[in-house]
Amino acid sequence: MSLLTIGTVAFDAIETPFGKTDKILGGAATYIGLSATKLVKKVNVVSVVGEDFPVEYITMLEEHGVNTKGLQVKKGEKTFFWSGKYHNDMNTRDTLDTQLNVLENFDPIIPEEYQDCKYLMLGNLVPMVQKTVVERMKNRPKLIVMDTMNFWMDIMMPQLKETLKLVDVISINDEEARQLSEEYSLVKAAKKIMEMGPKFVIIKKGEHGALLFYREEVFYAPALPLEDVFDPTGAGDTFAGGFIGYLAATDNISFDNMKRALIHGSALASFSVEKFGTERMVGLTDEEVGTRIQQFVNLVQFDITI
Ligand code: AMP
């Protein structure tokens with residue numbers, strides 16, 4: 001089934017206890033695209049970059065199955081830039097700099113060939129742009145998943161809540177869930193967020209896995225204990241790409257299938273953190289993905305007779 005994602009395509013500068021990078025390829029839509037194309041043949045992207053964005057990056061995305069027809073390149077403007085520094089626990093980070101640049105006046109144009117997409121991933125981006133994309137789809141997609149970030153909650157909470165009313169699933173981390181709901185308990189937070197629009201709430205807890213809430217039910221997917229974590233940047237987006245990619249590939253949006261999608265998202269995210277930036281996701285093989293999903297199955301499988 002066809003999949004459309006929006007989100008930033010960006011330059012990132014990252015600092016972790018293991019090293020530092022200059023401007024490298026990043027952005028929510030980049031990670032979502034590279035992840036989802038492990039599960040579906042093609043991912044359609046709507047985003048924007050400046051004229052400073054290297055053509056090689058666009059070629060690389062295309063070679064991986066990311067359709068960049070909806071990626072606008074703005075003459076005389078600069079690409080979105082984000083810089084972050086991870087703490088020693090690698091689970092928390094500080095944003096050092098966010099330069100919106102091309103994002104400031106971004107008008108998302110949806111190419112005609114994307115209009116039949118049944119799965120829509122609203123990757124991290126200006127909340128009003130996320131809403132505009134939903135409104136510009138001629139038919140409502142079968143499933144709309146939204147990701148966002150504390151940055152937008154700090155400056156555009158009312159607009160973010162407007163977008164939230166339109167989506168089926170939200171995927172955010174624990175800190176963001178608490179900020180959005182003003183509840184410390186994640187169970188209470190998920191309940192409150194469900195009242196804001198989404199029927200399904202995913203709360204990511206970094207190296208402690210992810211929770212999926214639906215009505216009174218909750219499902220837990222662990223994160224794989226890894227020997228080396230070099231750079232968690234993009235893990236949340238890679239997770240989201242794997243999650244919606246699996247749902248689109250199987251065209252099944254039942255709660256049970258969402259559990260399997262959560263495991264696929266977690267498995268793909270576990271690769272992303274093993275190297276800096278997008279390095280690990282580029283050239284990742286189907287065999288590696290299959291082996292890792294089996295590791296997840298082994299990690300949580302046990303027999304108990306009650
Ligand atoms: P994640 O680690 O999954 O939260 O995503 C990190 C990616 O999000 C980086 O590649 C950044 O370029 C991108 N990013 C950072 N801040 C924002 C923002 N305010 N809006 C959209 N994307 C962002």
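Tyr 86 stands opposite Arg 93 in β8. Let's start at that pair. Keep in mind that this is a predicted model.

Strand β7 and strand β8, residues 93-99, pair in the antiparallel sense. Six bridges hold that pairing. Together β7 and β8 make a hairpin, with six residues between them. Look in the turn for Met 90. Its phi is positive, about 65°.

Now the other partner of β7. Strand β2, residues 10-16, pairs with β7 in the parallel sense, over five bridges. How well covered is β7? Mostly: of its six residues, 81-86, five are buried.

Arg 93 comes up again at the ligand. There are 19 residues around the ligand. Which come nearest? Asp 12, Gly 27, Arg 93, Gly 234 and Asp 237.

A backbone N or O atom of Gly 234 lies 2.7 Å from a ligand oxygen atom. Trp 152 uses its side chain: a polar atom there lies 3.1 Å from a nitrogen atom of the ligand. Asn 124 also uses its side chain, with a polar atom 3.4 Å from a ligand nitrogen.

β1, residues 3-6, runs parallel to β9, residues 119-122, and four bridges join them. Leu 4 has Leu 120 as its bridge partner in β9.

On to the cores. The largest nonpolar core has 53 residues. Which of them touch the most other members? Leu 3, Val 169, Phe 243 and Met 258. Helix α8, residues 255-272, gives the most to this core: nine residues.

Follow Phe 243. Neighbours within four places in sequence aside, Phe 243 is in contact with Val 145, Val 169, Ile 202, Met 258, Ala 261, Leu 262 and Gly 265. There is also a second, separate core, with 48 residues. Its members include Val 48, Met 153, Ala 177 and Ile 193.

Last stop: His 264, which is found in helix α8. Is His 264 buried or exposed? Its relative accessibility is 14%, so His 264 counts as buried; the cut-off for buried is under 20%.

What surrounds His 264? Leaving out neighbours within four places in sequence, the contacts are Leu 39, Gly 242, Tyr 246 and Ile 293. A polar side-chain atom of His 264 also lies 2.9 Å from the backbone oxygen of Arg 260.

One more distance for His 264. Ala 36 is 228 residues away in sequence. In space, the two C-alpha atoms are 9.9 Å apart.

That's the tour. Questions are welcome.

How values were computed
Residues numbered from 1 in each chain as written. Predicted model: local features only at pLDDT ≥ 70, side-chain atom pairs only at ≥ 80, totals over all residues. Heavy atoms only, no water. Pairing = 2+ DSSP bridges. Helix = DSSP H or I, 4+ residues; strand = E, 2+ residues; numbered from the N terminus. Core = buried A, V, L, I, M, F, W, Y, C linked by side-chain atoms within 4.5 Å. Buried < 20%, exposed > 50% of the residue type's maximum accessible area, 1.4 Å probe, protein only. Contact = heavy atoms within 4.5 Å. Near = heavy atom within 4 Å. Polar contact = N/O pair within 3.5 Å; in protein donor to acceptor, adjacent residues only side chain to side chain.
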